[in-house]
Structures are given as C-alpha cells and as structure tokens.
Amino acid sequence: VSYLRNTWYVAAWSDELPPAGMLARTLLDEPVVLIRNSAGAVSALVDRCPHRFAPLSAGVLRGDSIQCRYHGLEFSSDGRCVRNPHGPLAAGLAVKGFAVAEAHRAIWIWMGDASKSDPAQIPDLAYLSAAPASAFSCGHLHSKGNYELCVDNILDLSHTDYLHPSTLGGGAVTSTHQKVTADEQSIQVEWYCANTRPAPLLVSLIPELPPQTDFVTRVRWYAPAVMRLLSATVPAGQAVEQGYVNLNAHMMTPETRASTHYFFAATRNYCVDDAALNARLAETRKHIFATEDMPMIERVQQRMGEREFWSLEPRLLPVDDAPVRVRRRLQQLLAAEATGS
Ligand code: FES
Ligand SMILES: [Fe+2]
C-alpha cells in the first residue's frame, strides 16, 4: 500500500493528549507514540524500542524523555538514546521520530521527509479554534474501511438522503445538481437547493424555522483527506451568512489499508451560547456517524475485500464527480511523490 507521506495528517485532537501524557496510535501502518511533555510540547516517535521492540508507549515519561519499560533504554523527544543502563550510547540505538505541529485544536503529523515539513501547509481551519466551547465539538471514530472510502462518503453527500433520512437528509442534496470546482490546493463541491424542507434534525432543534428554506452545502477537500464542510439552512432568498450555518471538519488518517481514524469537528453560528444544545448536537452527530456511516463503510469494505476500487469497475453516477476528481488528484500526488517531483 502506498500513502502520501510528505503531507500533514491529523494524529489526534489536542485534548486527547494531556500534559505529561502519551497516546499510542497506528498511523499509515506504523505504530506511533505521541508524547506531550509537562511544558506542553508534543513529539512523535515510532512506538517500537530498537532493542527488542517493546512498545515505548508502555514505558515511563521522565521529564523530556521516555524510558522503555522492558530493559530501561531512555530516548529523548527526537528519538536519540540518552541513557543506556547496559553500556555506551551507540548511534544505532535511536528510534525514528516524526515532525509534528499543533494547530486548529489538533495534533498533525508528517510521516515523510521531516526536512520538507512546513506547518504553513496545514489547511486553514482557524474557525475550529475561534469557536466558543459552547459552539464546538469534536470526536474520533475508528472505521473499518479504507480512508478513501471515508473521503468519498463526505464528498458525495447524496448519501444523507438515504442513510440519514430522519436526521441530516431530506432529499435536498439528491434533488440538486452539484457544482464542482478545483484549484491547486483543493477541490470543492457545492449543492444549492432553493426552497426545500429543512433537515429533520434542525427542525427538531429550532422549532421556529420556516417550513421552506434554501439549503447550501459546500465541501472543500485538501490533500490527502482534510475536508471543511459548510452546511447552511437559509430563510428563502437571504445570504448564506444569515442562515443557520454549520462549519464542520471531517479528516481521515489511514490506520491500515482497510481501517481509518476518522476525526470530525463541528461549529455553528446559531445558539452559540447554548451548551446544552451543543452537547445534544454533538451526541446526535456522533451517534449518526457511529451507527449509520461507519457500518455502511465497513460493509462496503467487506464487499470489496482486498480488491482495489477501480479494478471492480464501479458504475459511476453524476454524484461521483467530486470523489473521482479527488481520487485522481491523490493518484497524481502519489506519482509525483514517488518520482520526487
Ligand atoms: S526492548 Fe526496550 S530496552 Fe529492551
Ligand atoms: Fe453520513
């Protein structure tokens, strides 16, 4: 399996890793331990001691270094062995480290050539850090499906009308032709549906909604698998900003060929001080993803088995325009990375 390596992936939400804490996670088929020292700085190492391959995440943090619990080798946050109770500090005792950066309430990891890593290339999701706590939620789910299937799921939101008909869907996306645009950095798909019934979930939360509204959905994808999603329910004829706007993020990091870490976050511009509504919305969204999206993606993966997506000759529909463009863009990026261009 090849993954894009010279790029940023989300490794964890910031609040998953407390000060003087560790978090073990398999990313791109590699065991990784994320470490936050007591001063708050984050580092990431291969989670496998070079001596006899014990997980370093089973070890003990000692100030800025981590001690292997098996035979006591101690490594600094950049992976150098700084203490060997059994002999000299040979260079080969080092463990590989990864470039990390913290932005937009998340910890990002660069699993390729660290000298090429540049935090300025992390997609701009500043709205996540700007949102007040009562209008922000985030979560992490494990998906038993390839990360590209998880990306397809967000880029083709016609599924909301069938998989989530009583909550997020209602027919608006299917009934609208999407508009797909692309630039150097991103691919965007937009659905604009005038004069439709608002989604059932929003109706249940905001009883004073008019019975007919405009519905705007925009997904902007950044390589390899970061998407910002705007969904706006707008009183007929008004500007998008005047509507009930959710500005969300959906980010996928491959765990293995057939499993994915799915990171999602939500913000909104309505009832922003309503912490109870925030909690209810967060719970409902997570429930929908966990009980509707994840099982479907898992079943798709099972049906596909080991076979590659294109080899199964999918009979594509107009709704696949954006997902297919994204798959092609990823192929181009992978080819460019393989040839070093
Ligand atoms: S396995 Fe880590 S010190 Fe032996
Ligand atoms: Fe969904």
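1. His104 counts as buried, at 16% relative accessibility; buried means under 20% relative accessible area, exposed over 50%, and partly exposed in between, using a 1.4 Å probe and protein chains only. His104 sits in the loop between β9 (97-103) and β10 (106-110). Its phi is positive, about 55 degrees, although His104 is not a glycine. Helices (H or I, at least four residues) and strands (E, at least two) are DSSP runs, numbered from the N terminus.

2. This is a predicted model, in which local features need pLDDT of at least 70 and side-chain atom pairs count only at pLDDT 80 or more, while totals for chains, interfaces and linings use all residues. Residues are numbered from 1 along each chain as its sequence is written, chains are lettered from A and ligands numbered from 1 in the order in which they are written, and side-chain values use heavy atoms, with hydrogens and water left out.

3. Asp29 also deserves a check of its backbone. Asp29 has a positive phi of about 70 degrees and is not a glycine. The residue lies in the loop between β2 (21-27) and β3 (30-36). Asp29 counts as partly exposed, because its relative accessibility is 42%.

4. The peptide bond from Ala223 to Pro224 is cis, with omega near -5 degrees. Most residues other than glycine have a negative phi, and most peptide bonds are trans. Pro224 belongs to the loop between β14 (213-222) and β15 (226-235). With a relative accessible area of 1%, Pro224 is buried. Between the C-alpha atoms of Pro224 and Lys96 there are 23 Å, and the two residues are 128 residues apart along the chain.

5. What holds for helix α2 (residues 147-155) as a whole? Of its 9 residues, 9 are buried, so α2 is largely enclosed by the rest of the structure. The buried residues include Tyr147, Cys150, Asp152 and Leu155. At the start of α2, a side-chain oxygen of Asn146 comes to within 2.7 Å of the backbone nitrogen of Glu148. A polar contact is a pair of N or O atoms within 3.5 Å; within protein, one must be able to donate a hydrogen and the other to accept it, and residues adjacent in sequence count only if both atoms are side-chain atoms.

6. Distant parts of the chain are linked here: His159 is in the loop between α2 and α3 (160-163), and Asp293 is in helix α5 (residues 275-304), 134 residues apart. Both His159 and Asp293 are buried.

7. Helices α2 and α5 pack at an angle of about 130 degrees, and their axes are 10 Å apart. Axes are lines fitted to C-alpha atoms, for helices over the stretch in contact, and angles run from 0 to 180 degrees between N-to-C directions. The two helices, α2 and α5, are therefore oblique to each other; angles under 35 degrees count as roughly parallel, over 145 as roughly antiparallel, 65 to 115 as roughly perpendicular and the rest as oblique.

8. Ser134 is in the loop between α1 (126-130) and β11 (136-143) and counts as buried at 17% relative accessibility. Its side chain reaches the backbone oxygen of Val272 at 2.5 Å.

9. Val10, in strand β1 (residues 8-13), counts as buried at 2% relative accessibility. Val10 and Asp152 are 18 Å apart, C-alpha to C-alpha, and 142 residues apart in sequence. Val234 is in strand β15 and counts as buried at 2% relative accessibility.

10. Is Gly63 buried or exposed? Gly63 is exposed, with a relative accessible area of 58%. Its place is the loop between β5 (60-62) and β6 (65-67).
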